[in-house]
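This report goes through side-chain contacts, one kind after another. Keep the sequence and the 3D view open while reading.

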Amino acid sequence: FLGIWVVRCLGPEQFGLFSYAHSFVCLFTAIATLGLDSIVVRELVKDESRRDEIIGTAFWLKIMGAVGVLLLLAIAVNFISNDIHTNTLVFIIASATIFQSFNVVDMYFQSKVMSRYVVYANIISLSISSIVKIVLILNDATLVAFAWVVLFDSIVLSIGFIYFYINSNLSLKVWRFNFKLSRKLLKSSYPLIFSSLFISIYMKIDQVMIGEYLGVYSV
């Protein structure tokens with residue numbers, strides 16, 4: 001319902017621009033995830049005693065991946081015909097990948113078969129996001145405001161993950177990075193990185209191509 005309402009509020013050209021920016025970011029987001037999700041869950045199940053080391057290493061790897069995505073986008077936008085407004089949308093949406101690094105908490109709960117906390121966090125995030133979108137629609141907000149909602153969603157969800165993690169008598173302060181472990185994780189996950197990257201390209205490249213050749217209204 002909200003999706004249709006947002007489309008009708010923005011109109012074909014504005015929503016097309018939003019879809020183009022989102023698709024362009026999606027071409028690179030596989031790099032941010034680093035294919036770690038299933039690998040980290042597996043490692044947590046195998047050796048829970050190294051929980052803080054595994055989660056901490058995965059978290060910092062994801063942070064580095066997110067920064068890498070932003071740097072790649074900064075280079076990539078120089079080779080396409082985007083204007084400043086489009087690039088602003090791209091970087092606002094891409095900034096959400098930084099906060100998605102807290103998804104490592106989701107991996108921990110998966111390894112413990114405690115996904116209800118992840119469900120709670122997602123329901124809270126979705127509810128708040130829906131309310132914000134309704135307010136924006138009723139006030140005829142600009143397209144940039146809707147782009148900020150993407151980043152806001154990611155921040156709220158990460159706060160939810162942190163809350164339920166701490167509420168489970170666990171602490172983020174003991175997370176630590178292990179270089180040797182990071183090499184092991186990346187060695188296991190690199191095939192998944194390429195797989196995710198090519199899937200992202202396959203799923204989103206058509207919208208980027210239409211935007212480049214036919215314009216955002218066609219997107």
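## Cysteines

The structure holds zero disulfides. A disulfide is a covalent bond between the sulfur atoms of two cysteines. The model shown here is predicted.

Cys-9 has a relative accessible area of 26% and is partly exposed. Cys-26, with a relative accessible area of 16%, is buried, because the cut-off for buried is under 20%.

## Salt bridges

Side chains of opposite charge can pair when their charged atoms come close. Searching the whole structure gives five salt bridges. One of them joins Arg-51 and Asp-52, whose side chains meet at 3.3 Å, N to O. Asp-52 counts as buried, at 14% relative accessibility.

Glu-43 takes part in a salt bridge with Lys-46, where the closest N and O atoms are 3.7 Å apart. Both Glu-43 and Lys-46 belong to helix H2, which covers residues 37–46. They are three residues apart, or about one turn of the helix. Are these two residues buried or exposed? Glu-43 has a relative accessibility of 6% and counts as buried, whereas Lys-46 has a relative accessible area of 57% and is exposed.

Glu-43 also forms a salt bridge with Lys-184, and here the closest N and O atoms are 3.5 Å apart. Lys-184 lies in helix H9 (residues 179–213) and Glu-43 in helix H2, so this pair ties together parts that are 141 residues apart in sequence. Lys-184 is partly exposed, at 38% relative accessibility. Salt bridges link Arg-42, Glu-43, Lys-46 and Lys-184 into a network.

## Helices H2 and H9

The two helices joined by the bridge from Glu-43 to Lys-184 also pack against each other, at an angle of about 140°. The crossing of H2 and H9 is right-handed.

## Aromatic rings

A pair of aromatic rings is described by the distance of the centres and the angle of the planes. How many aromatic pairs does the structure hold? The number is 14. In one of them, Tyr-108 and Phe-109, the ring centres are 5.6 Å apart and the planes stand at 55°, so the pair is tilted. Tyr-108 and Phe-109 are both buried.

Another pair is formed by Tyr-163 and Phe-164. Their ring centres are 5.2 Å apart and their planes are at 75°, so this pair is edge-to-face. The term applies because the angle is over 60 degrees. Phe-164 counts as buried, with 10% relative accessibility.

Ring pairs connect Phe-59, Trp-60, Phe-102, Tyr-108, Phe-109, Tyr-117, Tyr-120, Tyr-163, Phe-164, Tyr-165 and Trp-175 into a cluster. The tilted pair of Tyr-108 and Phe-109 and the edge-to-face pair of Tyr-163 and Phe-164 therefore both belong to this cluster.

Terms used
Residues numbered from 1 in each chain as written. Predicted model: local features only at pLDDT ≥ 70, side-chain atom pairs only at ≥ 80, totals over all residues. Heavy atoms only, no water. Phe/Tyr/Trp six-rings, centres within 6.5 Å; stacked < 30°, edge-to-face > 60°. Buried < 20%, exposed > 50% of the residue type's maximum accessible area, 1.4 Å probe, protein only. Disulfide = S-S within 2.5 Å. Salt bridge = Lys/Arg side-chain N within 4 Å of Asp/Glu carboxyl O. Helix = DSSP H or I, 4+ residues; strand = E, 2+ residues; numbered from the N terminus. Axes fitted to C-alpha atoms, helices over the stretch in contact; angles between N-to-C directions. Left-handed = near helix turned anticlockwise from the far one by under 90°.
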